[in-house]
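The tour below moves from one selection to the next and says what is found at each stop.

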Amino acid sequence: MLTFLKLGGSLITDKHRPMTPLPDRIAALAQAIAQARAERHNLRLVLGHGSGSFGHAVAQEHGTRQGVHDVAGWRGFAAVWHAAAQLNRLIVDALHEAGLPAVAFPPSAGVIAEEGRIVAWDIQPLQAALEAHLLPVVYGDVAFDTVRGGTIVSTEEVFAYLAESLRPQRILIAGVEPGVWADYPACTRLVPEITPHSVKALSASLQGSAATDVTGGMATKVHQMVHLAEKIPGLKILIFRGTPAWVRQALLGEPVTGTWVRVPTP
């Protein structure tokens, strides 16, 4: 079984304080992933993570998501790349400390986008890593764009592109919230399941991020995942609170409270 797991930027960084990782939480999450892989040897996993307070604040300052067209913009592009890479190195270091054979695959090194959408990426090295039972790690990153010059691709957009070729059975989105709220910002009722039909009724409660998020926050993430569920039959997507215990349980297929995104079978 192939699983994609995302560790959200708000989960691994303090998104209200620029360039502030949460090292104890990152280490605990790495240990949880290692435990799950030790318990289920046939678990094939692609790990993704957000940029949190590293990439988003810098990207907003330079407007990188919208495009890069001059010297100042390209300097900003490089600054966003550097910030995202710094966090990625912290994540990969923690994974290795936990005994995991993690190998990073930065989108900036191979992705070509067109109007912000990934249109080309040679993923054969990542596939080879999976076949060797390594742990590929991807993340939200800058990318060269044939129209915008440069842009930013989110982890969900990276997952969506990879999923079309790799066909995962599950995508697990671990964040600070226990799922999608039906009554944001009161946050008293969780939505147990979202389908292509029900997502329209949730538009009012699908707010963006409370902190800086240049890739759209929760609303964008949910719509991206619904679209992906429509494209890949049988795909199950879970949005849940990423405690180390729940990350381990979710990876093992054990019950976890959260919001499922799926297309009902006819």
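Begin with the open sheet of eight strands, whose order is β3-β6-β2-β1-β9-β13-β14-β12 and whose pairing is mixed; strands here are DSSP runs of E with at least two residues, helices are runs of H or I with at least four, both numbered from the N terminus, and two strands pair if DSSP finds at least two bridges between them. At the edges select β3 (102-104) and β12 (193-194), each of which pairs on one side only. This is a predicted model, in which local features need pLDDT of at least 70 and side-chain atom pairs count only at pLDDT 80 or more, while totals for chains, interfaces and linings use all residues. Residues are numbered from 1 along each chain as its sequence is written, and side-chain values use heavy atoms, with hydrogens and water left out.

Next select β1 (residues 2-7) together with β9 (residues 170-175), which pair in the parallel sense over five bridges; within this pair, L5 has L172 of β9 as its bridge partner. On the other pairing of β1, six bridges join it to β2, again in the parallel sense, and F4 stands opposite V46 in β2.

Stay with β2 (44-49), where five of the six residues are buried, meaning under 20% relative accessible area with a 1.4 Å probe and protein chains only, against over 50% for exposed and in between for partly exposed. β2 runs parallel to β6, joined by three bridges, and L47 stands opposite V137 in β6.

What lines the largest cavity? Select L7, I26, L29, A30, I33, L47, I91, A94 and L95, which form its lining, and note that α2 (23-39) and α4 each give two or more of these residues, with α2 giving the most, four. The lining has nine nonpolar, no polar and no charged residues, and the volume is about 40 Å³. On a 1 Å grid over the protein atoms alone, a cavity is a set of points where a 1.4 Å probe fits but cannot get out, whereas a pocket is an open set with protein on both sides within 12 Å along at least five of seven lines, and lining residues have an atom within 4 Å of a point.

Finish at the second largest pocket, with about 260 Å³ of space, by selecting R117, I118, E156, E157, A160, Y161, E164, Q224, H227, L228 and K231. β5 (117-120), α6 (155-166) and α7 (217-231) each supply at least two lining residues, and α6 has the largest share, five. By class, this lining divides into four nonpolar, two polar and five charged residues, with Ala, Val, Leu, Ile, Met, Phe, Trp, Tyr, Cys and Pro counted as nonpolar, Asp, Glu, Lys and Arg as charged, and the others, Gly among them, as polar.

Note on methods. Contact = heavy atoms within 4.5 Å. Axes fitted to C-alpha atoms, helices over the stretch in contact; angles between N-to-C directions. Points joined across faces, edges and corners; volume = space filled by probe spheres on them.
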